[in-house]
Amino acid sequence: MGSHHATPQTRVVRQMRLWFSLFLFLMSTAYFVYGLNTLSFVTNIGRPGPGYFPAMVGGLLILFTSVNLFKDIIAIRRSELHPFQFAAILASWQVHRGGNDEYEGEADRPIDVALVVFCLALLIGSITFLGGLLSMTLFMVALLSIFNRKKVVMNVVYSITLPVLLYLLFDVLLNASLPRGVFGI
């Protein structure tokens, strides 16, 4: 899509997505490099060590974030917008919200990002007190109730299923227990 078809709002969203994708790619790379340099892959008895999981996850994160970054770069080039045009970003915040655009309504997304960051902060802050399983369940309930309001039953199913599967993966399969909280779970 050329810039004559892209609204200022669309261009702003594309730039924001590009910068966010770049940030995620850099953080994924840092996570991977940190895991490689500080953790061993195998223990003394031949079992997967503390570096095994971070290397696997870090490699996948790099792969997926690089694909996302590549797609965002293509979208920026198609809109003929340079990623360093900060004046265009600032000037476009007050654009009209109407129109038939693929990013219609996404100008309100900064509040969504703030809510996700807040929920993540609560998860991190509560994990040692409430334990991994309960904290992850509450995190999922909170996040899904914000972003998927209409599917309450599915939210509850996902909020219980994912933490239980992660518990089984870490505690049972990998023998790397999740933090236990005051309730013993």
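User: What makes up the lining of the second largest pocket by class: nonpolar, polar or charged residues?
Analyst: In this predicted model, nine lining residues are nonpolar, one is polar and none is charged. Leu, Ile, Met, Phe, Ala and Pro count as nonpolar, so Leu123, Ile124, Ile127, Met136, Leu166, Phe170, Ala176, Leu178 and Pro179 fall in that class.

User: How much space lies in the second largest pocket, and which elements give two or more residues to its lining?
Analyst: The space is about 410 Å³. Helix H4 (109–130) and helix H6 (152–173) each give two or more lining residues. H4 has the largest share, with three residues.

User: How do you know that the span of helix H2 agrees with its number of residues?
Analyst: H2 covers residues 52–78, which is 27 residues.

User: What is the chain like over the UniProt "transmembrane region" at residues 51–70 and 152–170?
Analyst: Both ranges come from an unreviewed UniProt entry, which also lists 18–39 and 113–146. Residues 51–70 are 95% helix and 0% strand, with end C-alpha atoms 28 Å apart. Residues 152–170 are 100% helix and 0% strand, with end C-alpha atoms 27 Å apart.

Technical notes
Residues numbered from 1 in each chain as written. Predicted model: local features only at pLDDT ≥ 70, side-chain atom pairs only at ≥ 80, totals over all residues. Heavy atoms only, no water. Helix = DSSP H or I, 4+ residues; strand = E, 2+ residues; numbered from the N terminus. Expected span 1.5 Å × (residues − 1). UniProt positions renumbered as here; feature names shortened; annotations may be inferred. 1 Å grid on protein atoms, 1.4 Å probe; cavity = no way out; pocket = protein on both sides within 12 Å on 5 of 7 lines; lining within 4 Å. Points joined across faces, edges and corners; volume = space filled by probe spheres on them.
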